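My notes follow in the order in which I checked things.

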Amino acid sequence: MEKQTMNLTRFLIEEQRKYPHASGVFTELFSEIALAAKIISREVNKAGLVDILGYTGSKNVTGDEVKKLDLFANNTMKHILCRGGNVIGLASEEEEEAVQCERGKYLVVFDPLDGSSNIDVNVSIGTIFGIYNKMDDFVDEKQFMRPGRELVAAGYIIYGSSTMFVYSTGNGVHGFTLDPSVGEFILSHKDIKIPKKGKIFSINTGNYKKWDEKLKNYIDFITTPDKKTQRPYSLRYIGSLVADFHRNLLYGGIFLYPKDMAHPNGKLRLLYEAQPLAFIVEQAGGYASDGYTPILDKVPHDIHERTPLFIGSIENVKELEQFLQK
Ligand code: AHG
Ligand code: MN
Ligand code: MN
């Protein structure tokens, strides 16, 4: 029997039928994000052709060309969302302040291009987004100072060997793979659940000397051979949060970006990196914390606030918390 191909729009409409309160606006908003994703995907994939086709004649995509892609991705998301009439305001890693749009029911937070320093070595990068109900038609930073538990949806797009759109509206996590020949995101991973425990850990061990003792004890513990508890774990670190997160979501494991002497509050941003991924991982049966507090319970004090981030299989993150809270 021919496998039924379900595309993102059809899936959203069917989801929306199940939840009468969900208006079609949500489906429209997701379609706008999907359009932005396709445009960014095309541009990011072209970046790989820069040195082959000599678009700019440069050897590699230089730092400012990478910066240009960050800004291209940001402008694409901003213009499509702000113009669509569904988004009253947005907050972006590439925008110093909150951005006021004309009208709409929702607020959107996003990291337009995550892992962008990896573009010129053809490593997967991504876009991360979260959606809130608006509180007011006038949008300033205060509208974003709320716990991630208030997110109504979150998702990410990963631009890798294929372009995937992974999201949750609070009813499970679903993944769609872009078929570039028809420009449609096709359902490929329905109802993703992260393994309760995994054997992968992702951390930049180059910072080992800067970590506090309790974190070192945890890393020493998981790398000490012990057959019974399936140790040592395997280290997998791509350096693109979206790529490391996506692999661990499917295979199980823990991603760690702790605070260290160089980053007293960690490096990753609470509002548009940690919270959306924490929403997704909890919907998939996983967990995310800063070592002490669930990420989804934290309230940012400013749009670009940083946080330590430990995210992935619930048993792995809880085990890490025990070491930090000893
Ligand atoms: P961005 O490109 O949006 O600034 O994010 C980069 C982040 C994240 O993608 C990744 O996990 C982390 O930087 C890697 O940091 P280190 O190079 O310090 O390990
Ligand atoms: Mn990022
Ligand atoms: Mn970014």
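**Ligand 1 and its shell**

Elements here are DSSP runs numbered from the N terminus, helices (H or I) of at least four residues and strands (E) of at least two. The model is predicted, so I note that local features need pLDDT of at least 70, side-chain atom pairs count only at pLDDT 80 or more, and totals for chains, interfaces and linings use all residues. Residues are numbered from 1 along each chain as its sequence is written, chains are lettered from A and ligands numbered from 1 in the order written, and side-chain values use heavy atoms, without hydrogens or water.

I listed 16 residues around ligand 1, of which Asp-114, Gly-115, Tyr-237, Tyr-257 and Lys-267 come nearest (near means a heavy atom within 4 Å).

I then checked polar contacts (pairs of N or O atoms within 3.5 Å). A polar side-chain atom of Tyr-237 is 2.6 Å from an oxygen atom of ligand 1. For Glu-93, a polar side-chain atom lies 3.3 Å from an oxygen of the ligand. Ser-116 places a polar backbone atom 3.2 Å from a ligand oxygen. Ligand 1 taken alone exposes 470 Å², and the protein buries 79% of that (Shrake-Rupley areas, 1.4 Å probe).

**Manganese, ligand 3**

Which protein donors hold the manganese ion (ligand 3)? I found Glu-93 (OE), Asp-111 (OD) and Leu-113 (O), at 2.0 to 2.3 Å. Donors are N, O and S atoms within 2.8 Å of the metal (3.2 Å for Na, K and Ca); water is not among the atoms, so sites may look incomplete. I traced Glu-93 to the loop between strand E1 (87–92) and strand E2 (99–100), and Leu-113 to strand E3 (residues 106–114), 20 residues apart. Glu-93 is partly exposed at 26% relative accessible area, while Leu-113 is buried at 2%. Buried means under 20%, exposed over 50%, partly exposed in between (1.4 Å probe, protein chains only).

**Manganese, ligand 2**

For the manganese ion (ligand 2) I recorded Asp-111 (OD), Asp-114 (OD) and Glu-273 (OE) as protein donors, 1.9 to 2.1 Å away. Asp-114 is in strand E3 and Glu-273 in helix H7 (residues 270–283), 159 residues apart. Asp-114 is buried at 5% relative accessible area, and Glu-273 also counts as buried, at 4%. Lastly I checked the two ions together: they are 3.7 Å apart, and Asp-111 coordinates both.

Definitions and conventions
A polar contact is a pair of N or O atoms within 3.5 Å; within protein, one must be able to donate a hydrogen and the other to accept it, and residues adjacent in sequence count only if both atoms are side-chain atoms.
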